[in-house]
Structures are given as structure tokens and as C-alpha cells.
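This report looks at one protein chain.

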Amino acid sequence: MRILVCGAGGQVGHELVDRAAAFGLDVLGPTRAQLDVSKPEQIAALMRQRPELIINAAAYTHVDNAETHAEQAYAVNLDGARNLAEAAAHAGIPLLHISTDYVFSGDASAPYRETDGTGPTGVYGASKLAGEEAIRACLESHLILRTSWVYGVHGHNFVKTMLRLGRQRDALGVVSDQFGCPTQAGRIASVLLTLASRYARDGRLDWGLYHYSGSPSCSWYDFAVEIFRQGEAMGLLARQPQVSPILTAQYPTPARRPAWSVLDCSRFETTFGLPPQPWQDDLSEVLAALGGQVSPQITPGQLSRA
Ligand code: NDP
């Protein structure tokens, strides 16, 4: 089956293109320069290559910039999602779309379920929520996967920022009052490609809205401490910097972040039999891909539990 991956230059898009063949899928993977999802005529041109399923990993993900560039955020996150859903409906094919924990306000204290009310606090989350609604309105055969705190080998992310700061500084403060679930880009890609290959086999999927992230939840501070611990053990850092927990109020950003964005992934696990994976193990995999050395005596999994 041939699939179209939009946003192929991004963290998740890159992994989707790299891994598709291993799932027996033929992939069309245009980068933003080759396909701007806000332009229906560019989508129409690509649809002539007859993909049988679309995965949308394209998004405007600059959370802070979105506050002052709402038009650009909505052009990609709403119009782009709608354009792809309309093209999929026209061609009679499904769309797998990625959304975000930022559709929630972050005021909860229990993991968010798909049935919980949304309430984005910024333009990015609002534009992503609008994209979800647009897809639902025009395409039945859609699957929307909300995920959180994405990191990976490609692109910019928290893990790479921490490694850079860890090399530059002896000490740093990291926010400890925001909680979420780090999720590896390659893991999201594998999960989506598993679903695509099941659709190729069965001609159907349980469409709808799902949550999927790494496990368990942690704070940015906890995540940073583990990055430094593994980074040192794997030789990516000469030594761990001293990390201090700080409050969100001490690190103001243009867009407010949800204090709590933990996703309950049980619906996804029950429906598809794909459980959340320990983010510490997935982190080891990324650090190894970034050049970290795994000692033969210590597997990545043991590293994270050491
Ligand atoms: P990235 O920002 O790494 O990738 C997004 C890609 O989309 C980039 O290559 C970007 O290109 C491209 N893009 C932007 N505008 C357009 C456009 N008009 N047409 C086509 N492509 C475009 O994001 P991630 O891979 O991290 O995110 C994947 C998905 O996961 C997104 O839907 C995002 O909302 C969601 N998500 C991400 C989280 C995170 O922490 N990153 C958390 C939760 C959900 P360019 O770089 O040139 O702008």
C-alpha cells in the first residue's frame, strides 16, 4: 500500500518516512518545500500519485510564536488538516492525524481521557483543536492521535536542548511543576505505521480519537535529570550538570503551558493492543542514535532502571 506522509521533514514525519518500508508500506514523503498542506492545489497534485492512506505529521509547532502569528498557525493546523481531510474524502481514503495534549487546559489532576472537555490556553492548542474538529466534520475514516512532549533524533526538542546546555553549563534550573509524558517520535511513527499496515491488511480500522504517549508521567525536571544521567553513562556528557527544580513562574514564556498534560492511553491500548512504552527506554534508544555508547554489560532498559 502506498501512503502519503505530510510534514516529512519534522521529528515524527522523518521517522515515518524512514520506517515505512519496514512495515511493508510504499511512502510518498514530501517535505514542506514540496507540499504545503495549506495549499489545496498542491495536495491535489500529489493525490494524482494515488496514495491509499494519508498520515499528517505537518504542523505549526512553534508554541510561543503562535501567540503572535495566529494566522500562520491556523493556516497549517486548521486549514491544512481540513484540506487533507477533504482530499482524503474525495479520494475515498483514510487520514491518520497527530494532535496534542495542548488541547487541554492543564487544570486536571487525573490523566486526560478522550471524553474529557478541552480548553486550550493558547493559540497553538486552539488551532490544533480546530483542526481535529474540521477533520471530524468532513471525513468518517479518520484517526486522530493526541500525543505529548515529543522528542527524537531529528529536529529540535527538549532532549537535544538539555544535552547542549549540559555541555555548556555546570548548573541549570528546569521547571518542576509541569507534568506530562515524554514520547519518542520514532515510537509514534511505529504505532501509526502499525495501524496503517493493519488497514492495508483488513481494509478497516476503529476510527476515532485516541491518546497515546510514553509512560509514566514526569515533570520536565525529572525528564532532564534522566537525560543527564543516561547522557553521562553513555558518554555524551563528560559529567552531569547540577539541576535545580524551578517553578513555571520563574521561567515565563509567551504562551502558557498546561501544568498537567498527562494523557490516559487506555482506550488506544484496549482497542489496538498497543500499550504505552517506558520513555526511559525510548530515551536510551535516542541517545544511542545521537552517538551515545551503550556498554555491553548495560542494556538501555537497565540503564534507565539503574
Ligand atoms: P515538527 O515541528 O518537528 O514537524 C512539523 C513539520 O511540519 C515540520 O517539518 C514543518 O516544516 C512542517 N510544516 C509546517 N508547516 C507546514 C505546511 N504548511 N505544509 C507542510 N508542512 C509543514 O513537529 P513534530 O514532528 O514534533 O510534531 C508532529 C505532530 O505532533 C504535530 O501534529 C504536532 O502538533 C504534534 N505534537 C507535537 C508535540 C511536540 O512536543 N513536538 C507534542 C504533542 C503533539 P518546517 O520545519 O519547515 O516549518
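Are tyrosine 151 and phenylalanine 223 buried or exposed? Both are buried, meaning under 20% relative accessible area with a 1.4 Å probe, counting protein chains only (exposed is over 50%, partly exposed in between).

This is a predicted model, where local features need pLDDT of at least 70, side-chain atom pairs count only at pLDDT 80 or more, and totals for chains, interfaces and linings use all residues. Residues are numbered from 1 along each chain as its sequence is written, and side-chain values use heavy atoms, with hydrogens and water left out.

**Overall fold.** The chain has ten helices and twelve strands. These are DSSP runs, numbered from the N terminus: helices are H or I with at least four residues, strands are E with at least two. The table gives totals for the chain.

| Property | Value |
|---|---|
| Box of the C-alpha atoms, along the principal axes | roughly 55 × 45 × 40 Å |
| Buried share of the 306 residues | 51% |

**Aromatic rings.** The structure holds 14 aromatic pairs. Rings of Phe, Tyr and Trp (its six-membered ring) pair if their centres lie within 6.5 Å; planes under 30 degrees apart are stacked, over 60 edge-to-face, the rest tilted. In tyrosine 151 and phenylalanine 223, the ring centres are 5.5 Å apart and the planes meet at 65°, so this pair is edge-to-face. Tyrosine 151 sits in strand β6 (residues 150-151) and phenylalanine 223 in helix α7 (residues 220-233), so the pair ties together parts 72 residues apart in sequence. Tyr151 and Phe223 also belong to one aromatic cluster with Trp149, Phe158, Trp220 and Trp279.
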